[in-house]
Amino acid sequence: MKKTSADVLPAVGGQGNEPLLAVDNLHVEFHTRAGVVRAVNGVSYTVAPGETLAVLGESGSGKSVTAQAIMGILDMPPAVIPKGEIRFKGTDLLKLSEHDRTHVRGQRIAMIFQDALSALNPVFTVGWQISEMFRVHRGMSKSEAMKKAVELMDRVRIPAAKQRVHDYPHQFSGGMRQRIMIAMSIALDPEVLIADEPTTALDVTVQAQIMELLAELQRESQMGLILITHDLGVVADVADKIAVMYAGRIVENAPVYDIYKAPAHPYTKGLLDSIPRVDQKGHELYAIKGLPPNLLDLPTGCAFHPRCPLRQENCVTDAPPLYEISGTRGSACHYWREVLDGERR
Amino acid sequence: MANGGEPVLEVRDLVKHFPLNQGIVFKKQIGSIKAVDGVSFDLHRGETLGIVGESGCGKSTLAKVLMALERPTSGSVKIGGRDIGQARGGELKRMRRNIQMVMQDPYTSLNPRMTVGDIIGEPYEIHTEVAPKGDRRKKVQELLEVVGLNPDHINRYPHQFSGGQRQRIGIARGLALQPEIIVCDEPVSALDVSIQAQVINLLERLQNEFGLAYIFIAHDLSVVRHISDRVGVMYLGKFVELGKDAEIYDRPAHPYTQALLSAVPVPDPEGRERRERIILQGDPPSPANPPSGCRFRTRCWKAQEICAQEEPLLQIRPGTGHLSACHFAETHDVVHAG
Ligand SMILES: Nc1ncnc2c1ncn2[C@@H]1O[C@H](COP(=O)(O)OP(=O)(O)OP(=O)(O)O)[C@@H](O)[C@H]1O
Ligand SMILES: Nc1ncnc2c1ncn2[C@@H]1O[C@H](COP(=O)(O)OP(=O)(O)O)[C@@H](O)[C@H]1O
Ligand code: SF4
Ligand code: SF4
Ligand SMILES: [Mg+2]
Ligand SMILES: [Mg+2]
């Protein structure tokens, strides 16, 4: 008999108090000709059923590489995972065979990519691409799978799904293509959905449609959602909790309300302070000075120290661990108390 | 800081249509894409006009026509009181000098094989009168300093700079000919949040220093509000609303503006469950075949008979203090970002 994903992993519930998905002290390096790129340096986060975790950070901070490691789609080499665990319902995915991993990928944990146009195959109809999920993973016949594809397109609210199922990706607008990507990703009822900047290339009007759709799908199915973004507005709108990444590390994690009220890391605070506000019109915007770090040559001690307004001597030499502020909050700053008590602009 | 006096730029009934062709060997024009379809506004010295609207509504096309990179189908663009379409020879050259552009993508808009010095100094090749050959290097170094880059880096190549620094190079190039007007087409969209604020501050500082007037095109509505004195909202090639920043953001009168503003996520989770949101359905119709009457009517929740028959003109409507193009315009308080 063919192995199903249920044979590889428990169908429901985790083991004990194990969250749905737990990334634990993950390290990812790329061995390139220019040197070793330390893209992910000890990232930990968890997501529970029905929960939305937002992963926030500027480009190059390691958000996508972490997601690719969870999905098991990193090219190894050049990528190497020297340390860390990725536990799905208690099972470390990194210890599974590639064959067992394919039962998790796309079925139990699915992903929506940043760029819907290049993630879809231009030479197949969207119906064929969506129905492929059912043919390959559920062994359905062509016509059965096509019927399911139309249902899914309806579910992600693509108008006239019955006719449009025969159209090619380039015949759809950016927002509609993102809906097709979402349809493919939820086809097999995954328990975790990773959305990597799903609305970055889209207009705010379309972004609002897509975010509403994701929230509805999540409510229906209690998926855990990992939303990767750099948009502080989107995060405030939908996240339950946030992990802020900088130079391949989590520098702060917290429930969404806490972090907007009082950030506990100077980088998070800098990001929040640099949002233009009405009462600041006519004044200079607050700007984090300096440039994002070079991952080939990370600063010593705290990676944020060259840009940090609160830097002290020990920051240059001692890398701060992720200090526990409370059961649900952490900050990788030696001076998180001062930041918490500090004034917001 | 909008001030009165003579406008530096006057745009009247500007139209740009692109031919829509069918067939590969025997091209036959079967229609036209109405990218810009009747836009009028003034821009004053030292003023910033923000332009917002969904992808494909005609913002970049408008920018290109203003820059005389595209010929308008009809309508006029006056710079310093003179119609650019009528100008020839030396006069046209002087007028072109006066309006410069900063583009969206700092990664592709700079020639990778040219040094920074050559990129910034390139406009002097055409406009030799601004900087005689012997002066150029010094001029370019001054410009590097003005935009916050190290003047010693004049011989470096674009790939040796970060995205934010490349955008500064683009700005320095835009300043080279000492224009009065700079058209910024999405100048910070490709940059990281932490770098965006630096570039916006730079643009504002330069405006104060040199009395520049900006056309500022961007999709981040809170950035546009921060930098703009007035804002024009575009939909399918037309302005649907035009007014001071506070008028547009706090008292929008056009349903499209109201929907656009309400779609912007507020960067504060407090009270997010209670937030009122107008979610527009579908995409904008094709600019090749815009709806009759009001172009927004296919997505408008207030549409009536008359909206299909009669085009609403951009004018001051009863109960509002600024221009809007809706038969049923009424101001509406929106809770929105920044
Ligand atoms: N050279 C051209 N030939 C034909 N159509 C064109 C041309 N340039 C632009 N268009 C069309 O004109 C319309 C307006 O395009 P434009 O680039 O001005 O939009 P935009 O508002 O700048 O959008 P975005 O926000 O995506 O930059 C679009 O439908 C576009 O496809
Ligand atoms: N295949 C690769 N080879 C070398 N470096 C890579 C590769 N993929 C990603 N990186 C590097 O890893 C870092 C993190 O990338 P990524 O996770 O994509 O960032 P983001 O937070 O923007 O999603 C970046 O510096 C990127 O250049
Ligand atoms: S550890 Fe030091 S340098 Fe790093 S964020 Fe905290 S104060 Fe700044
Ligand atoms: S004119 Fe009619 S369709 Fe157009 S915006 Fe106003 S109410 Fe809506
Ligand atoms: Mg990424
Ligand atoms: Mg454009």
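Guide: Helices and strands are here DSSP runs, counted from the N terminus, a helix being a run of H or I with at least four residues and a strand a run of E with at least two. What you see is a predicted model, in which local features need pLDDT of at least 70 and side-chain atom pairs count only at pLDDT 80 or more, while totals for chains, interfaces and linings use all residues. Residues are numbered from 1 along each chain as its sequence is written, chains are lettered from A and ligands numbered from 1 in the order in which they are written, and side-chain values use heavy atoms, with hydrogens and water left out.

As background, most peptide bonds are trans, and most residues other than glycine have a negative phi. Arg157(A), which is not a glycine, has a positive phi near 60°, and Arg157(A) is found in the loop between α6 (142-155) and α7 (161-164) of chain A.

Two strands are said to pair if DSSP finds at least two bridges between them. In an open sheet of four strands, the order in chain A is β2-β1-β4-β5, with antiparallel pairing. At the edges stand β2 (35-47) and β5 (91-92) of chain A, and because each has a single partner strand, one side of each is left without a neighbour in the sheet. Strand β4(A), residues 79-88, meets β5(A) in the antiparallel sense over two bridges, and there Phe88(A) stands opposite Thr91(A) of β5(A). Helix α2(A), residues 63-71, packs on this sheet and touches β1 (21-32), β2 and β4 of chain A, contact meaning heavy atoms within 4.5 Å. The direction of α2(A) makes about 110° with that of β1(A); axes are lines fitted to C-alpha atoms, for helices over the stretch in contact, and angles run from 0 to 180 degrees between N-to-C directions.

Oxygen atoms of ligand 2 lie 3.2 Å from a backbone N or O atom of Ser61(A), 3.0 Å from one of Gly62(A) and 2.7 Å from one of Val65(A). On its own, ligand 2 has 560 Å² of accessible area, of which the protein covers 66%; such areas come from the Shrake-Rupley method with a 1.4 Å probe.

Chain A also holds an open sheet of eight strands, in the order β6-β7-β8-β3-β9-β10-β12-β11, with mixed pairing. Its edge strands are β6 (109-112) and β11 (323-326) of chain A, each pairing on one side only. Neighbouring strands in this sheet are turned by 20° against each other on average, direction ignored. Within it, β3(A), residues 52-56, and β8(A), residues 224-229, run parallel and are joined by five bridges, with Leu56(A) standing opposite Thr229(A) in β8(A). Helix α9(A), residues 204-221, packs on the sheet and touches β3, β6, β7 (192-196) and β8 of chain A, its direction making about 160° with that of β8(A). Helix α12(A), residues 266-273, packs on the sheet as well, touching β3, β9 (241-246) and β10 (249-255) of chain A, and its direction makes about 105° with that of β9(A).

Conventions. A polar contact is a pair of N or O atoms within 3.5 Å; within protein, one must be able to donate a hydrogen and the other to accept it, and residues adjacent in sequence count only if both atoms are side-chain atoms.
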